[in-house]
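Keep the model open while you read, and look up each residue as we come to it.

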Amino acid sequence: MSRSMPNIIITGTPGVGKTSLCESLASSTNLQHLSINRVAKERNCYEGWDEDSQSWIVDEDKHRREQQLLDAIEDEVRAGGYLLDWHACDLFPDSWIDLVIVLRSESNNLYDRLKARKYSEKKLQENMDAEIMEVLLAEARDAFDKDVIVELQSNNPDDIESNVGRIGAWIAQWTLQNGGATAEDGDGAWEARASKR
């Protein structure tokens, strides 16, 4: 199935700014923000809640739950036009994805953000370790071609603005190269906004 709009994964350690970036991009482009955490909760794709780590459990029957999650979003995502917001990216078939953005944050910024979320010490340390060890970047490199992976910093509002501009320009270029909607098709204001950033 050919798409007229790209699908982009926005991934990274919890706290790096995935949701903020997705919301900013969704408001300045024709792409829709799809929070995979929200879909997983709504479609009961979690096994349960782990009090110790203060997170949802997906490991009990991981393959079945991942397939359930993919089935829940397949028709929408295969059509294109989504910003997939999740802390992992290796779940998604590479045929669905046009760009993988791995957000990174400096340790002190990430620590402060996770502390403000009142993460338990265990969960805070696990996420700090994942960021320092570049776990999600390695996952992206293992799952997707290196040409579709972009690593971006997300330390402050200026970074978000810069990232929105950079990704917006990429979306405009992808859309033109793939025969998607353009400014002349009536809803191209987002391209103009993206190119001004």
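1. Is tryptophan 170 buried, partly exposed or exposed? Tryptophan 170 counts as partly exposed, at 25% relative accessibility. Here buried means under 20% relative accessible area, exposed means over 50%, and partly exposed lies in between (1.4 Å probe, protein chains only). You will find tryptophan 170 in helix α7, residues 157–177. Helices (H or I, at least four residues) and strands (E, at least two) are DSSP runs, numbered from the N terminus.

2. A word on what you are looking at: this is a predicted model, in which local features need pLDDT of at least 70 and side-chain atom pairs count only at pLDDT 80 or more, while totals for chains, interfaces and linings use all residues. Residues are numbered from 1 along each chain as its sequence is written, and side-chain values use heavy atoms, with hydrogens and water left out.

3. Now for the overall picture. The protein chain has eight helices and seven strands. It has 197 residues, of which 46% count as buried. Take the contacts (heavy atoms within 4.5 Å) between residues at least 6 apart in sequence: 73% of them join residues at least 24 apart.

4. Leaving aside neighbours within four places in sequence, tryptophan 170 is in contact with Pro6, Ile8, Asp98 and Leu99. From tryptophan 170 to leucine 99 there are 71 residues in sequence, and 9.2 Å in space from C-alpha to C-alpha.

5. Next, look inside. A nonpolar core is a set of buried Ala, Val, Leu, Ile, Met, Phe, Trp, Tyr and Cys residues joined through side-chain atoms within 4.5 Å. The largest one has 25 residues, and Leu84, Phe92 and Val100 have the most contacts inside it. At least two residues of this core come from each of α2 (36–42), α3 (62–79), β5 (82–85), β6 and α6. The largest share, five residues, is supplied by α3. In soluble globular proteins, nonpolar side chains tend to be buried together.

6. Which residues does phenylalanine 92 touch? Not counting residues up to four places away in sequence, phenylalanine 92 touches Ile9, Ile36, Leu70, Ile73, Leu84, Trp86, Ile97 and Phe144. Apart from this core lies another, of 21 residues, including Val16, Ile101, Leu110 and Met128.

7. Threonine 13 deserves a visit. Its place is in the loop between β1 (8–11) and α1 (18–28). Threonine 13 is buried, with a relative accessible area of 1%. Its side chain is joined to that of glutamate 131 by a polar contact of 2.7 Å. A polar contact is a pair of N or O atoms within 3.5 Å; within protein, one must be able to donate a hydrogen and the other to accept it, and residues adjacent in sequence count only if both atoms are side-chain atoms. Beyond residues up to four places away in sequence, threonine 13 touches Lys18, Leu110, Asn127, Ala130, Glu131 and Leu136.

8. Then there is the loop between α4 (107–116) and α5, where lysine 118 sits. Lysine 118 is exposed, with a relative accessible area of 73%, and has a positive phi of about 60° although it is not a glycine. Arginine 117 is also in the loop between α4 and α5, but counts as partly exposed at 45%. The side chain of arginine 117 makes a polar contact of 3.1 Å with the side chain of tyrosine 119. Not counting residues up to four places away in sequence, arginine 117 touches Pro14 and Gly15. The C-alpha atoms of arginine 117 and glycine 15 are separated by 8.6 Å, although the two are 102 residues apart along the chain.

9. Finish with glutamate 134, in the loop between α5 and α6. At 35% relative accessibility, glutamate 134 is partly exposed.
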